[in-house]
Amino acid sequence: MSRPSSLPKLAECVRFEGMAGAGPAAERGNTLDKLYREVLGGVAELDPKNEEHNGIHWAVDMTRILANKEADDVGPEIFTTESILWKEDDLRVQAMGMQGTADCALPHARTSIDLKTGQERNYIEQQALYALGFMARYNVKAWTVVLLYSDLRQMREFKFTQYWAENIIRQLMARVNDPLSVATPCDYCNWCAKKYTCAERLETVAFWAGKDPATIDWQAEMNDPVKLAQFINLCSIITSKDGLEDYARGLAREKLNTGEDVPGFVLRNRKGREYVEPETVAIHAEQLGIANILAAYGSLSAEKFKGLWESALSGVPFPTDEIKSGPGSQFVASQPKPKTKPLKS
C-alpha cells in the first residue's frame, strides 16, 4: 500500500489489487490533471470548444477564487496570498509510509486541491493522507482539502485535524492487514487484478457453474429472487467493457492466430469505419445545407449545447425553454451501499 491513489479502492475492498498500467478512465484523469496544473501555471491554454476543457476552465476559476480567500491566523511573513503551487515537484507529499502527488496547493490558506473526473466517489482516505503530508511539511495541525469534480461542476471540502486524518488511515490499514478480512464486491472490481479469480465476487454467480445451459431450467432458477440477482450480476461481469466476454474473446483470438482450434469459432476481418471529419463537412456546409447536416448528425445533448453557448455567447442568457426532454423510463439498478465515515475526534 504505497500509493494514496489505491486508498479509495482499499476503502471499498481491502483485498483490492491494482492492475499494471492505467485504464482509460485513469489515463483521462491523469491527462486532465496535467492540463489543470499547466493552465494554473500559465503554460497551457484551453480550447473553449472542447467540453472537457470547459470543465477544467471551471476548476481553474474555482481554484483562483479559493486562492484569494484569506487564511485564518496565518501571518504574511510565512505565506503570500498569491501563491498557488502547481508544479508536480512542489506537490509531492509523504506520510505514514506512502507517497503521492496532489494537483494544487494553497499554502497560505492551508489548503490543497485535487481535481476529480467522472462520478462522485469516496476519496476521504486518500485526501486524509495528502492532508497529513502537507501538515508535516508546513508544521501545522490542521489542513483543508478541496475536491473539484470538473465533469459535474461540483466542489467538496474536508477539514482535517491531524488526529482525525491519522485515525482514518490507521483504521483502514488495520482492516487491510487483518488476515481474516475478505474481499467485498464493489464498483472497483473491474479495475482489480483479481477480478476473474476473486472467490467473494464469483461465488454470487456460481449457481450455473459446471452445468450445460441447455439443462438449466432458467424460469425456475430466476423465479428465485436471490438467483435472479445473481444472474443479473453474472450478465454484468460477462458483458461489461473489459468483462469476461472481452477477456475470453481476446484469448480465443490469440489461440486462433497461432493456429489452435477453438471449436465453433473462426477469425474474421472487419473493415475500419469510414467517416468524414467535421472540418470537411464545414467546407461543404453551404452546398449541403445546414439543416440537412444537423438532421444527419441528430440531436445535441443539452449539456453540450449549453457548453457551446457559454463559450460563444458568454453573458447572453441561456434559452432554457429550448431544451426538450424525452420520455422517462424505469430500469433496475444496483442498490447503493450506505456510506460510512470514520468517526471524528
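Tutor: The model is predicted, and the mean pLDDT of the protein chain (the predictor's confidence in each residue, from 0 to 100) is 86, with 90% of the residues scoring at least 70. By element, confidence is lowest in helix α7 (residues 199-202), with a mean of 80, and highest in strand β5 (residues 142-149), at 97. Over residues 70-81 the pLDDT falls below 50; beyond near neighbours in sequence, this stretch has 13 contacts in the model, a contact being heavy atoms within 4.5 Å. Where pLDDT is low, the predicted coordinates should not be read in detail.

Two conventions apply throughout. Residues are numbered from 1 along each chain as its sequence is written, and side-chain values use heavy atoms, with hydrogens and water left out. Local features need pLDDT of at least 70 and side-chain atom pairs count only at pLDDT 80 or more, whereas totals for chains, interfaces and linings use all residues.

The protein chain has 14 helices and 6 strands; these are DSSP runs numbered from the N terminus, helices being H or I of at least four residues and strands E of at least two. Of its 345 residues, 33% are buried, where buried means under 20% relative accessible area, exposed over 50%, and partly exposed in between (1.4 Å probe, protein chains only). The accessible surface is about 22,900 Å², and carbon and sulfur atoms hold 53% of that; the areas come from the Shrake-Rupley method with a 1.4 Å probe, and for residues only the protein chains shown count as cover. Among contacts between residues at least 6 apart in sequence, 63% join residues at least 24 apart.

Now the helix packing. Helix α5 (residues 124-138) and helix α6 (residues 162-176) have axes 9 Å apart and pack at an angle of about 130°. Axes here are lines fitted to C-alpha atoms, for helices over the stretch in contact, and angles run from 0 to 180 degrees between N-to-C directions. The pair is therefore oblique: angles under 35 degrees count as roughly parallel, over 145 as roughly antiparallel, 65 to 115 as roughly perpendicular, and the rest as oblique. The crossing of α5 over α6 is left-handed, meaning that the near helix is turned anticlockwise from the far one by less than a right angle; clockwise would be right-handed. On the α5 side the contact includes Ile124, Ala128, Leu132 and Met135, and on the α6 side the residues include Trp164, Ile168, Ile169 and Leu172.

Val176 also belongs to α6 and is buried, at 16% relative accessible area. Its C-alpha atom is 7.4 Å from that of Leu10, 166 residues apart along the chain.

Helices α2 (residues 24-40) and α3 (residues 51-67) form another pair, with axes that come within 10 Å and cross at roughly 50°. They too are oblique to each other, but α2 passes α3 in a right-handed crossing. Among the residues in contact are Leu32, Leu35 and Tyr36 of α2 and Ile56, Ala59 and Val60 of α3.

Leaving aside neighbours within four places in sequence, Lys116 has contacts including Tyr123, Gln126 and Leu147. By contrast, Ser325, in the segment after α14 (302-312), is exposed at 71%.
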